[in-house]
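Work through the exercises below with the sequence and the model at hand. Try each task before reading its solution.

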Amino acid sequence: MVRLTPPITGHLTERVYWECAGPGHAGLTVGAGCVRWGFLHGTGLSVTAGCPDNEDWAHGVLALQYWRVSAQPYQDPRLAGVYQRGNAMPTSSLQAWVDKILSLGPADRSATLDVGTGTGMFAAALAAADVSGVTVGVDPSPAMLMEALRFNSHPRVRYVAGEAGALPIAANSIDLALLSRVIHHLPDRRRCARELRRVLRPGGAVVVRTTVRERLDAVVYDYWPRLRELDQARFPSAAMIVGDFETAGFAVTASASFSQPVQPSLRAFYDVLASRPQSKFDMLTADEFATGLTRLRQAADVEADEREVRERYDVLAFSVR
Ligand SMILES: C[S@@+](CC[C@H](N)C(=O)[O-])C[C@H]1O[C@@H](n2cnc3c(N)ncnc32)[C@H](O)[C@@H]1O
């Protein structure tokens, strides 16, 4: 057992699972060593970290440091705790997304990477569709990874702590990489694109699922109009994303807009948004959030015929040049 003081601060409460990488571990190969789950106990400023049968801490400590430097809103256990339910979609919608994503990558796959996996909704669904391969879900937030383990464990998914700018993944090891609703969080998109270029095999592909700046038209903006302004500053345009990936050695292979139902009615939409399940709501004051929520409830109350709420995303696919 090793005591780490302080580098982990903040929201650790009970038990956080983490990846321990080092020689001698059986399991998925990542970087120079192999990974398996270790464990970390901690509260407040100090934690005790342990790995049952390996004393090589180097990669584990590195991963923990990644957790500190990014994904700040997602370190919040409140947000992580409500994220899965608040962002779930009907199984048929998730399956349609998975089909779409897989159609944009190489048919022959043995390893898929979900960058910014969050609670692992896509990682598990991709793994279920990919019976012969492994899927790695990478995220810098331990709080989100805990929820991924809780809700989306899957025998062919490994969840790994790390971030897009320094992927804890071996070079030339991945066939298809997904970034779903992550690109606007990245402090350095070009660095992420370079990392993806490094980890992808020849013939590999990246699928970016986002809303590009020029098409921010989600239903949520009808009720919280200031969010649209804030998102316009955060979300990159299609040209910016394409530029970053081209600079890193990718070519665009597809660009599409795809929509799926997420809730059966405004009432159901209200019910999930009431839990503030997205980090964007943290940009609003409590009053702004409450006002928008009241607007949404009033609209739900007078909705005569229930209409499903759909979410549309832009999809950009890139292949290694
Ligand atoms: C909106 S959630 C998306 C989760 C999931 N991909 C989905 O579509 O439901 C954004 C996720 O990106 C992660 N994230 C934030 N900064 C990141 C970074 N620099 N590298 C990788 N992931 C990051 C957050 O921790 C969070 O889990």
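**Exercise 1.** Leaving aside neighbours within four places in sequence, with which residues is Val 115 in contact?

*Solution.* Begin with the ground rules. The model is predicted, so local features need pLDDT of at least 70 and side-chain atom pairs count only at pLDDT 80 or more, while totals for chains, interfaces and linings use all residues. Residues are numbered from 1 along each chain as its sequence is written. Next, take the criterion: two residues are in contact if their C-beta atoms, placed from the backbone, lie within 7 Å. Applied to Val 115, this gives Val 138, Ala 164, Ala 177, Leu 178, Leu 179 and Val 182.

**Exercise 2.** Which way do the residues of strand 6 point, and are they buried or exposed?

*Solution.* Strands (E, at least two residues) and helices (H or I, at least four) are DSSP runs, numbered from the N terminus. Strand 6 covers residues 111–115. Ala 111, Leu 113 and Val 115 point one way, and Thr 112 and Asp 114 the other way. A residue is buried if 20 or more other C-beta atoms lie within 10 Å of its own, exposed if 12 or fewer, and partly exposed in between. By this count, five of the five residues of strand 6 are buried.

**Exercise 3.** Which strands pair with strand 6 in the parallel sense?

*Solution.* Two strands pair if DSSP finds at least two bridges between them. Five bridges join strand 6 to strand 7 (residues 134–139), and these two run parallel. Here Leu 113 stands opposite Val 136. Strand 9 (residues 174–180) is also parallel to strand 6, over four bridges. In that pair, Asp 114 has Leu 178 as its bridge partner.

**Exercise 4.** In what order do the seven strands of the open sheet lie?

*Solution.* The order is 8-7-6-9-10-12-11, with mixed pairing. Strand 8 (157–161) and strand 11 (250–263) are the edges, since each pairs on one side only.

**Exercise 5.** Which residues touch the most other members of the largest nonpolar core?

*Solution.* A nonpolar core is a set of buried Ala, Val, Leu, Ile, Met, Phe, Trp, Tyr and Cys residues joined through C-beta atoms within 7 Å. The largest has 55 residues, and those touching the most other members are Leu 113, Val 115, Ile 174, Ala 177, Leu 178, Val 206 and Val 207. Helix 4 (residues 121–129) gives the largest share, seven residues.
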